[in-house]
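Dear colleague,

I am handing over the structure below, and after it I set out what was found on going through it. Please read the notes with the coordinates open beside them.

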Amino acid sequence: MALKYITDESFQALAKDKKVLARFDFNVPMDKNDPTKIADSTRIDEAIETIQAILDLKPKKLILMSHFGRPKGKVDPQYSLEPVAKYLAEKLGQEVLLTETALDRGIKTLLGLNESKIVMLQNLRFHPEEEANDRDFARTLSTYGDVFVFDAFGAAHRKHASTYEINAFFKNKAFGGLLLKREVESLDKVVNDPVKPFVAIVGGAKVSDKIKIIDMLLVSVDKLLIGGAMAYPFLKAQGHTIGTSLCTDEDVSLARRILNTPSKGKIVLPSDHIVSSTFGGLPSEINQVNIPDGQMGLDIGPSTLQNFNDYLASAKTVLWNGPMGLFENPSFAKGTLGIAKTLSTLKAFTLVGGGDSVSAVKMSGLSDKMSHISTGGGASLEYIENGTLPGIQALKFGID
Ligand code: AMP
């Protein structure tokens with residue numbers, strides 16, 4: 001059974017003059033100094049195409065749903081969706097009416113009125129039933145719409161009431177949105193039969209978080225380039241010194257296990273580093289693989305970057321997850337920005353997935369040069385690991 005999207009003719013017939021209930025991922029980061037200001041609106045911007053496509057079909061109402069932050073099942077004004085509703089209203093040039101809660105008794109009345117075409121339910125996570133995947137909560141949400149659209153790729157790895165259980169109430173009336181379509185089609189290019197040579201770059205901080213993806217990638221990649229703090233457990237497992245670089249014993253044993261498999265030849269590790277004695281200290285270059293006592297590796301060195309670039313030059317498919325160093329500090333950002341620059345010049349399918357590498361690509365100003373930038377960090381990793389996600393399975397096959 002194929003996943004049906006809102007581009008399907010059957011959706012067009014179901015949406016006209018009807019109430020369309022749509023789940024998005026509007027969980028955007030807010031400005032640390034001004035909690036009413038959205039720091040990065042990408043996730044909302046990426047949803048607008050779907051919202052517009054639904055509105056073009058002239059539904060009676062469009063009811064938007066999302067979670068926002070972690071209010072832990074309680075009403076907490078700091079996690080109100082108000083800034084999102086305001087932003088969307090401005091972008092769409094029409095009113096977006098925000099309800100008081102997702103279980104507001106007035107919602108049904110509101111949906112019967114001719115006022116505002118777009119209604120946004122307040123943060124679903126104000127209700128503990130959302131994360132508990134509660135059937136009754138999902139049933140109540142489902143009564144707000146005649147047809148269901150799921151476009152919350154970033155939340156599709158969660159089995160929650162609005163991402164999973166809700167599908168029980170929309171048999172043959174559940175459709176994927178355009179962002180979900182883009183995400184799935186792009187990730188499938190990496191998961192199913194990637195065009196070779198396939199090179200993956202994995203960085204970031206913790207081996208244990210990414211162990212499953214490394215195992216899975218080692219089956220299909222031609223080369224796996226490891227940078228960032230991810231590299232030190234591997235270097236230590238090979239017997240090199242790593243000074244005070246980030247590394248746990250657990251990560252070293254995981255790295256040792258991977259280095260004992262036949263795929264070890266596919267792994268490429270750093271051969272030089274940018275180090276410092278503290279996170280905020282001055283950078284210095286170490287032209288060798290061993291890091292002296294008292295120094296920590298905070299970025300890949302220039303020879304490593306060159307070596308990684310050489311492997312990338314002939315790649316036809318590239319997956320990048322995780323920065324090559326402490327890129328938030330400009331002294332240690334060269335490796336990460338260098339990889340972004342290289343990817344921007346390749347004639348390959350380039351997919352960037354995972355929160356921090358996405359921020360790094362944005363920082364580099366080269367976002368539009370990548371083939372696809374995934375909006376879902378955890379979701380894209382889990383998709384690559386498992387080839388699908390619970391929210392997508394439920395949408396595709398329905399649930400009893
Ligand atoms: P992750 O969420 O696992 O992708 O990790 C991303 C974080 O790892 C970012 O905040 C980076 O600054 C950090 N990071 C990457 N490399 C290093 C390093 N060599 N030392 C310390 N932190 C690092």
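Contact here means that heavy atoms lie within 4.5 Å. With that cut-off, and leaving aside residues up to four places away in sequence, serine 344 touches Leu366, Lys369 and Met370. Serine 344 sits in helix α12, which covers residues 334-345, and it counts as buried because its relative accessibility is 18%. Please keep in mind throughout that this is a predicted model.

Helix α3 (82-92) has a set of buried residues, namely Pro83, Val84, Ala85, Tyr87, Leu88 and Leu92. The cover over these buried residues of α3 includes α2 (42-56), β2, β3 (96-98) and β4 (118-120). Following α3 comes glycine 93, whose phi is positive, near 70°.

Turning to charge, a search of the whole structure finds 13 salt bridges. One of them joins lysine 362 to aspartate 40, with the closest N and O atoms 3.0 Å apart. This pair links distant parts of the chain, since lysine 362 belongs to helix α13 (residues 355-364) while aspartate 40 lies in the loop between β1 (19-23) and α2, 322 residues apart. Both partners are partly exposed, lysine 362 with a relative accessible area of 32% and aspartate 40 with 26%.

A salt bridge also forms between the side chains of arginine 125 and glutamate 131, at 4.0 Å from N to O. Here arginine 125 counts as buried, at 6% relative accessibility, whereas glutamate 131, at 37%, counts as partly exposed.

In a further salt bridge, the side chains of glutamate 385 and lysine 212 meet at 3.7 Å, N to O. Glutamate 385 lies in helix α14 (residues 377-386) and lysine 212 in helix α8 (residues 207-220), so this pair ties together parts that are 173 residues apart in sequence. Glutamate 385 counts as buried, at 19% relative accessibility, and lysine 212 as exposed, at 51%.

Finally, which residues gather in a patch of positive charge on the surface? They are Arg70, Lys72, Lys74 and Arg158. Of these, lysine 72 has its place in the loop between β2 (61-65) and α3, and it counts as exposed because its relative accessibility is 68%.

Definitions and conventions
Residues numbered from 1 in each chain as written. Predicted model: local features only at pLDDT ≥ 70, side-chain atom pairs only at ≥ 80, totals over all residues. Heavy atoms only, no water. Patch = residues over 30% accessible without salt bridge, like charges linked within 9 Å, V, L, I, M, F, W, Y side chains within 5 Å. Areas by Shrake-Rupley, 256 points an atom, 1.4 Å probe, with all protein chains shown as cover. Lys, Arg positive; Asp, Glu negative; His and termini not counted. Charge placed at Lys NZ, Arg CZ, Asp CG, Glu CD. Helix = DSSP H or I, 4+ residues; strand = E, 2+ residues; numbered from the N terminus. Buried < 20%, exposed > 50% of the residue type's maximum accessible area, 1.4 Å probe, protein only.
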